Amino acid sequence: MDTTKQNTALLVMDIQTGILGMFPNAKELTGKVAHVIAHARKLNIPVIYVIVGFRPGMPEISTNNKGFSASKERLAKTNMDEWIKIDPAVAALPGELTVTKRRISAFTGSDLEVILRAKNIQHLILTGIATSGVVLSTLREAADKDYRLTVLSDGCADADEEVHRVLTTKVFPRQADVLTSEDWIKS
């Protein structure tokens with residue numbers, strides 16, 4: 001598999017301080033993702049950061065949305081500027097793009113697709129938190145949009161390790177190449 005083509009981008013999704021705090025193995029994950037980012041930069045593969053964020057008062061969250069509305073009360077008094085910060089271990093360099101989304105998929109409520117089209121990106125390499133959240137939703141939507149996909153299994157994390165295992169070994173391989181970060185780097 002040739003990953004050096006100009007039409008490839010690495011997506012670093014939801015690896016932000018407000019979310020990492022909920023994962024006990026956050027340092028291990030950010031270490032692997034930082035290694036992948038360094039390799040992508042070496043190959044001139046664009047690194048695009050995707051964060052989930054909301055305006056003060058979170059007007060984007062509907063009471064009909066079970067997942068987000070449950071978080072609305074908990075996050076209402078949170079300093080959103082701090083919550084959306086990308087972890088320093090994987091921070092963007094000047095000129096690298098950060099896309100803000102308003103839902104689980106990296107595409108929903110963001111301009112990600114416009115950026116990918118402008119850069120003629122056709123292959124996405126996915127990393128992020130959570131495997132059952134942003135990674136799953138983005139993979140499904142990207143597959144429907146005919147992107148070629150690679151998921152870095154150890155560049156993703158989920159609160160439920162069994163869900164992570166089932167997704168990366170049984171579900172994702174139907175629509176994506178699933179590799180470890182080291183296997184991707186070696187390829």
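Reader: Which residues of helix α7 (residues 161-171) are buried?

Author: This is a predicted model. In α7, the buried residues are His164, Leu167, Thr168 and Val171.

Reader: How do they lie around the helix axis, and on which side of α7?

Author: They span an arc of only 125 degrees around the axis, so they sit on the same side of α7. The general idea is simple. An α-helix has 3.6 residues a turn, so residues three or four places apart point the same way.

Reader: What covers the buried residues of α7?

Author: The cover includes α6, β5 (148-157) and β6 (177-179).

Reader: What happens at the start of α7?

Author: Look at Asp160. One of its side-chain oxygens comes within 2.9 Å of the backbone nitrogen of Glu162.

Reader: Take Thr131 next. Where is its place?

Author: Thr131 belongs to helix α6, which covers residues 131-144.

Reader: Is Thr131 buried or exposed?

Author: Buried means under 20% relative accessible area. Thr131 has 0%, so Thr131 is buried.

Reader: Which side chain does Thr131 join in a polar contact?

Author: That of His164, at 2.7 Å. His164 is also one of the buried residues of α7.

Reader: What else is in contact with Thr131, leaving aside neighbours within four places in sequence?

Author: The contacts of Thr131 include Leu136, Cys156, Ala157 and Asp158. Leu167, Thr168 and Phe172 are also among them.

Reader: Now the nonpolar cores. How many residues has the largest one?

Author: The largest nonpolar core has 34 residues. Leu10, Val12, Ile15, Ile37, Ile129 and Trp184 have the most contacts inside it. Helix α2 (residues 26-42) gives the most to this core, with six residues. Apart from it lies another core, of 27 residues, among them Leu126, Val135, Tyr147 and Phe172.

Reader: What does Ile15 touch, not counting residues up to four places away in sequence?

Author: Ile15 touches Leu20, Leu29, Thr30, Val33 and Ile86, among others. The list also includes Asp87, Val90, Gly128 and Ile129.

Reader: Last, Gln175. Where is its place?

Author: Gln175 is in the loop between α7 and β6. Its relative accessible area is 28%, so Gln175 is partly exposed.

Reader: How many residues apart in sequence are Gln175 and Leu139?

Author: They are 36 residues apart in sequence, but 7.8 Å apart in space, C-alpha to C-alpha.

Reader: What does Gln175 touch, not counting residues up to four places away in sequence?

Author: Gln175 touches Leu139, Arg140, Ala143 and Leu149. With Arg140, a side-chain to side-chain polar contact of 2.5 Å is formed.

Terms used:
Residues are numbered from 1 along each chain as its sequence is written. This is a predicted model: local features need pLDDT of at least 70, side-chain atom pairs count only at pLDDT 80 or more; totals for chains, interfaces and linings use all residues. Side-chain values use heavy atoms; hydrogens and water are left out. Helices (H or I, at least four residues) and strands (E, at least two) are DSSP runs, numbered from the N terminus. Buried means under 20% relative accessible area, exposed over 50%, partly exposed in between (1.4 Å probe, protein chains only). A polar contact is a pair of N or O atoms within 3.5 Å; within protein, one must be able to donate a hydrogen and the other to accept it, and residues adjacent in sequence count only if both atoms are side-chain atoms. Contact means heavy atoms within 4.5 Å. A nonpolar core is a set of buried Ala, Val, Leu, Ile, Met, Phe, Trp, Tyr and Cys residues joined through side-chain atoms within 4.5 Å. The arc is that of the directions from the helix axis to the C-beta atoms.
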